[in-house]
Amino acid sequence: MGFCSVGVYPQRKTVAHKGQRYGNVNMKHFQVKDIIYYIAVILLFAGCSFSSNGERIFFTATSKNGSITIKEGPPMFKSAVKGCAHCHGRDGKGGRSLDATGIKGPDIRYKTLALKYNGYLGFLEGKGEKILGGVDILIKRAILNGNGPGYKLNAAMPRWSMTDDDLNDVINYLKGLP
Ligand code: HEC
């Protein structure tokens with residue numbers, strides 16, 4: 001883990017702000033301290049280097065290759081700093097609930113995802129669907145389109161616009177997580 005990833009995501013307790021629900025977002029409740037926190041994170045990252053592009057994406061949702069954007073996602077996070085770590089935890093083992101829905105970012109270490117998505121892959125292949133690219137392709141679909149292992153992921157998980165190179169980089173980073 002690079003220098004910059006340490007200490008940037010303290011296990012900060014997020015309170016569910018009143019009135020903040022999908023479809024009924026009241027930005028008045030977006031607290032000033034959140035904004036200060038995001039600015040602090042941006043400043044911290046400004047002079048940062050990560051040991052890989054995948055690590056950088058994981059912590060900042062920015063890539064050395066250009067922009068990464070959110071096609072669809074929780075409204076209050078659309079314009080904020082939102083690396084994967086923000087919801088899935090610094091170690092990828094799962095995060096905390098970010099709003100009133102109480103839905104947590106799950107464990108996305110590759111070894112955990114591989115178990116889940118391998119099962120689904122077997123199920124699809126049992127039905128005669130051949131998936132070229134195996135588990136990694138299924139994980140990419142989850143990141144890009146919110147297609148989970150057999151169900152649509154909750155809207156709390158953003159749908160990302162990311163190049164295939166960036167997807168491979170972030171997946172490689174997840175592969176390295178213990
Ligand atoms: C705003 C919070 C948030 C951010 C930021 C976020 N995720 Fe998620 N993610 C979630 C939630 C919540 C779920 C669970 C959705 C569900 O189970 O229906 C999820 C699910 C996933 C899954 C599917 C896991 C499974 O068990 O099937 C993958 C893969 C994933 N996220 C990868 C990423 C990656 C890679 C990034 C960064 C590019 C990222 N997420 C950023 C909230 C987030």
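The following exercises, each with a worked solution, concern the predicted model shown above.

Residues are numbered from 1 along each chain as its sequence is written. In this predicted model, local features need pLDDT of at least 70 and side-chain atom pairs count only at pLDDT 80 or more, while totals for chains, interfaces and linings use all residues.

**Exercise 1. Describe the secondary structure of the chain and the confidence of the model.**

Step 1. Helices (H or I, at least four residues) and strands (E, at least two) are DSSP runs, numbered from the N terminus. On this basis the chain has six helices and four strands.

Step 2. Along the sequence, these elements follow the pattern β-β-α-α-β-α-α-α-β-α.

Step 3. The pLDDT is the predictor's confidence in each residue, from 0 to 100. Its mean over the chain is 80, and 68% of the residues reach 70 or more.

Step 4. Among the elements, α6 has the highest mean pLDDT (98), whereas strand β1 (residues 20–21) has the lowest (44). The pLDDT is below 50 over residues 5–26, a stretch that has 31 contacts in the model beyond near neighbours in sequence. Two residues are in contact if their C-beta atoms, placed from the backbone, lie within 7 Å.

**Exercise 2. Determine on which side of helix α6 its buried residues lie, and what they pack against.**

Step 1. Helix α6 comprises residues 164–175, twelve in number. From its first C-alpha to its last it reaches 16 Å, close to the 16 Å expected at 1.5 Å a residue; the expected span is 1.5 Å times one less than the number of residues.

Step 2. A residue is buried if 20 or more other C-beta atoms, placed from the backbone, lie within 10 Å of its own, exposed if 12 or fewer, and partly exposed in between. In α6 the buried residues are D166, L167, D169, V170, Y173 and L174.

Step 3. These residues lie on the same side of α6, because they cover an arc of only 165° around the axis. The arc is that of the directions from the helix axis to the C-beta atoms.

Step 4. The packing partners of these buried residues are α2 (53–60), α4 and α5.

**Exercise 3. Explain why α2 is described as largely enclosed.**

Step 1. The buried residues of α2 are G54, E55, R56, I57, F58, F59 and T60.

Step 2. Since seven of the eight residues of α2 are buried, the helix is largely enclosed by the rest of the structure.

Step 3. A61 follows α2 and has a positive phi, near 55°.

**Exercise 4. Characterise the shell around the ligand.**

Step 1. The ligand is surrounded by 28 residues, of which C84, C87, N154, A156 and M157 are the closest. A residue is near a molecule if its C-beta atom, placed from the backbone, lies within 6 Å of it.

Step 2. Two or more residues of the shell come from each of α3 (84–88), α4 (110–126) and α5 (134–145). The greatest contribution is that of α3, with four residues.

Step 3. By class, 21 residues of the shell are nonpolar, five polar and two charged. Here Ala, Val, Leu, Ile, Met, Phe, Trp, Tyr, Cys and Pro count as nonpolar, Asp, Glu, Lys and Arg as charged, and the others, Gly among them, as polar.
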